[in-house]
Amino acid sequence: MSKSLTSFSVLGLPVHIIPNYPNWLLERLKRNIGTHVVTLNAEMTMQAEQNQTLARIIQDAELVIPDGAGVVLYLRLLLKQPVKRTPGIELAESLLFAAAKIPDSAKIFLYGGAPEVAEKTAEYWREQAPSINIVGTYSGYHSEAEAEKLAQTLSQLQPEVILVGLGVPRQELWIAQNRHLCPNAIWVGVGGSFDVWSGIKNRAPAWLGDNNLEWLYRLYQEPWRWRRMLALPKFAIKAAVYATTNKNAVVQ
């Protein structure tokens, strides 16, 4: 991990707190420093408790941001840190806009989503930032043979920013397994962001996000997620216990 980051422990997982995440990433992009960005929320935290491989990947990531309301409330209420929630989709948007302004625009690759979703996302971003340099897209649904083709494509293109929308934990596991293909790239797991950018789904109204209730809107859109949402109360209970038994919550 970068020595310039302060890292707080949330159930044993790091969360990095810095004033400006996009600027930090942009500096690493300009210096060709490979980076894995994890957008941590309560659901991912609980998955990591049961999946040691996922936990190690999060612990080894160069940047872990407070994406979920549960993580933010933990930092505010239990660790007394005046942090703001940083949604992964917003961080990715800031990074893409910044990358498009770099001379000889940084090469962007989009991987994930249902067939045609990544390409529709590329079309959306070419409208938002005409100078953006999206060099390739690939669906998240493919055969093993196509997976090999994807690996070859990444090796040949060497994109500098790779957004991966496969959902948790699949995207984190995939990034960890494939970072060697483009060691100097910024890799970001963006979950369902492609669905939003391509117009398939809408983000929650701003007032819900401002009140840490964006999860409720996701449940409204995807009621089948209710079982996964059970991770939220479990996280709250475990977080309270962990905070009282681990006084030294600052990792570095």
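Two strands are taken to pair if DSSP finds at least two bridges between them, where strands (E, at least two residues) and helices (H or I, at least four) are DSSP runs, numbered from the N terminus. The model shown is predicted, so that local features need pLDDT of at least 70 and side-chain atom pairs count only at pLDDT 80 or more, while totals for chains, interfaces and linings use all residues. Residues are numbered from 1 along each chain as its sequence is written, and side-chain values use heavy atoms, with hydrogens and water left out.

**View 1. The open sheet has six strands in the order β4-β3-β8-β7-β5-β6, with parallel pairing.** Its edge strands, each pairing on one side only, are β4 (63-66) and β6.

**View 2. β5, helix α6 (residues 117-128) and β6 make a right-handed β-α-β unit, a crossover being right-handed if, with the strands pointing away from the viewer, the path from the first strand over the helix to the second runs clockwise.** Five bridges join β5 (residues 107-112) to the parallel strand β6 (residues 133-138), with L110 opposite T137 in β6.

**View 3. Helix α3 (residues 52-60) packs with helix α8 (residues 170-178).** In contact, meaning heavy atoms within 4.5 Å, are T53, L54 and I57 of α3 with E172, L173 and A176 of α8.

Definitions and conventions: Axes fitted to C-alpha atoms, helices over the stretch in contact; angles between N-to-C directions.
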